[in-house]
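Hello,

Here is the structure I promised to pass on to you. Have a look at it first, and then read my notes below.

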Amino acid sequence: MIEIRWHSRAGQGAVTGAKGLGDVVARTGKEVQAFALYGSAKRGAAMRAYNRIDDKQIINHEKHMLPDYVLVIDPALAFTDNITENDKPTTKYIITTHLSKDELISQIPELQDKKDRVFVVDAIGISLDTIGRSIPNTPMLGALMKVSGMFELDFFLDSMKSVLAKFPQKIIDANMEAMTRAYNEVK
Amino acid sequence: MAEKMELKEVEVWDGNYAASQALRQAQVDVVAAYPITPSTPIVENYGAYVANGYVDGEFVMVESEHAAMSGCVGAAAAGGRVATATSSQGFALMVEVLYQASGMRLPIVMTVVNRALASPLNVRGDHSDMYLGRDSGWIQLDAFNAQEAYDLTLCAFKIGEDLRVRLPVMVHQDGFLTSHTAQNVHTLSDDEAYKFVGDYKPHEEMLDFSKPVTYGAQTEEDWHFEHKAKQHKALIESREVIEEVFAEFKKLTGREYKRVESYMMDDAEVAIVALGTTVETARVAAQQLREEGVKAGVVAPRVFRPFPFDDIRDALENTKAIAVLDRSAPMGAMGALFNEVSAALYTTPNRPLVTNFIYGLGGRDFSVEEAKRIFKEQKAHADAGYITTPIQQFSGVRGPKLGFFETKRGK
């Protein structure tokens, strides 16, 4: 079982990102779960979303998880939220930031002994450049594909095209570019 | 004619989406609804299906849940297939009309996304609303995940509309834990699903002017009791139709439902009895404990009403110690599920040790670790031969440990 925890603000698309990832993964015959903790949270409030991926049906409904991947799609939450909560010696972090990896880690004591497991990508900058809005969810998925090796980029982009099918072509194209850039730029 | 929707064989849907798709596929004549968290998306999605031509029926937006259920009663009495959705406070506001619907024997289907009742205000999942509907005369089916919310909503129409039953049916799912959790859902095509549900069979419909009928008549001590006795009998006897519908559904899909779902119970020494998503989380705990040599199993009423007094007894009578979990504040009593399971087991030769846990109120997480701890406590009762803790305990609450009532069947 692979477990993923998203740290986000309500409105940044973590729920959509988690469900989109679930949708793509389910197409490969795997079982998925995507859920979020937000309730009556307002836009901008810190919230978390979660994915579970497994070969057999997922029947665990607890919110508690020991994540394999922690995806932080709001730069400030790396500082203010407890992003290392319940982590494992193998947990990998992908953090949205305009800082370099060294600059970021030097400011977050909890990450200092996990340097080789921390990855950074400017998902906000990329989404502003490509989509024209601060929607860091799809670029984060591009970065996750690179770091996890879960799927080849081309397969993933193709699958995401149908997940995003309800949007106008222009937005789909912009998301494709955002994911490709994040895939190539994550460090 | 309503447009057909192309569905993939496996979709990634949350419980709300699954329930709304089942309502669409059943081609309901009238949906009267007032959205409320966490079931809002069912109403939203359904409204979108209507607007986009996927539904031929009417969608009535009303000013409250009381009006929603009243609209459903009117439309069902007129002779249509009728459905709605609600949660929590909305459910509470409907309660008066719920009794009207069942007393008039109107087969309305309601998808209920379970949520806590205020006060304090809380939008998250517990079973307070489901328990509030306990005596309302509705059949209550309980889904443990999104797939089951879809399947059971389709079954609900077929059960309630059967002329041997003619009763309203609720399909429950856990707020957020099911309603907002996307998982793999195996779908039926629109044609397969509608063929399974079947055409609505009008019965004593008010719009048949050649045969005028009255709904909701007044009866005092002369007839009220006979009506209520007949209604209770119909509810108890719906068991057979429920089993038939589940069997037919299995033939179509391979997915099997039973009035009581038993997991690893063949040789179980200790068991957890629960409702909703907790059933599945407890199954994970049982799997893990089996590896440690504890003979753990899980039993769950799939059908909360009519209460499966018979099948609960069969499932649990050879178990030594049982924890019954109630996700609703019992307010001055033992939990309702505990009381009902205990009553059933009291009529068995073995009379296992039964304790009660109140847990998960207002959406408090229920973990696999906690389920394992509860199983182990049952093992301690089983080994001692008596209940070694208070009979009612609280699981997952902060503050001083709460426990009430000691056993009189001590060492």
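Before the details, one term: two strands count as paired here if DSSP finds at least two bridges between them. Please also keep in mind that this is a predicted model.

I would start with strand S14 (residues 353-359) of chain B. Seven of its seven residues are buried, so S14(B) is largely enclosed by the rest of the structure. In general, side chains in a regular strand alternate between the two faces of the sheet. Both faces of S14(B) are covered: one carries Leu353(B), Thr355(B), Phe357(B) and Tyr359(B), the other Val354(B), Asn356(B) and Ile358(B), and all of these are buried.

Which strands pair with S14(B)? One is strand S13 (residues 321-326) of chain B, which runs parallel to S14(B) and is joined to it by six bridges. Within that pairing, Val354(B) in S14(B) has Ile322(B) opposite. To get from S13(B) to S14(B), the chain passes through helix H11 (residues 336-346) of chain B, making a right-handed β-α-β crossover. Strand S15 (residues 392-395) of chain B is another parallel partner, with four bridges to S14(B). There, Asn356(B) has Gln392(B) in S15(B) as its bridge partner. The β-α-β unit made of S14(B), helix H12 (residues 368-384) of chain B and S15(B) is left-handed, so do take a look at that one.

The largest nonpolar core has 171 residues, and Val171(B), Ile272(B) and Val273(B) have the most contacts inside it. Helix H6 (residues 146-161) of chain B gives this core its largest share, nine residues. At least three residues come from each of domain 1 (10-204 + 217-253) and domain 2 (260-404) of chain B. Leaving aside residues up to four places away in sequence, Ile272(B) touches Ala282(B), Val298(B), Ala323(B), Leu325(B), Ala371(B), Ile374(B) and Phe375(B).

Finally, how do the two chains meet? Chain A and chain B each put 19 residues into the contact. On the side of chain B that touches chain A, strand S1 (10-13), strand S8 (182-186) and helix H9 (277-291) of chain B each give two or more residues. H9(B) has the largest share of that side, with five residues. By class, this side of chain B has eight nonpolar, seven polar and four charged residues. Ala34(A) has Ala182(B) in S8(B) as its bridge partner.

Methods: Residues numbered from 1 in each chain as written. Chains lettered and ligands numbered in written order. Predicted model: local features only at pLDDT ≥ 70, side-chain atom pairs only at ≥ 80, totals over all residues. Buried ≥ 20, exposed ≤ 12 C-beta atoms within 10 Å, placed from the backbone. Right-handed = clockwise from strand over helix to strand, strands pointing away. Core = buried A, V, L, I, M, F, W, Y, C linked by C-beta atoms within 7 Å. Domains from an automatic or database assignment. Contact = placed C-beta atoms within 7 Å. Nonpolar A, V, L, I, M, F, W, Y, C, P; charged D, E, K, R; others polar.
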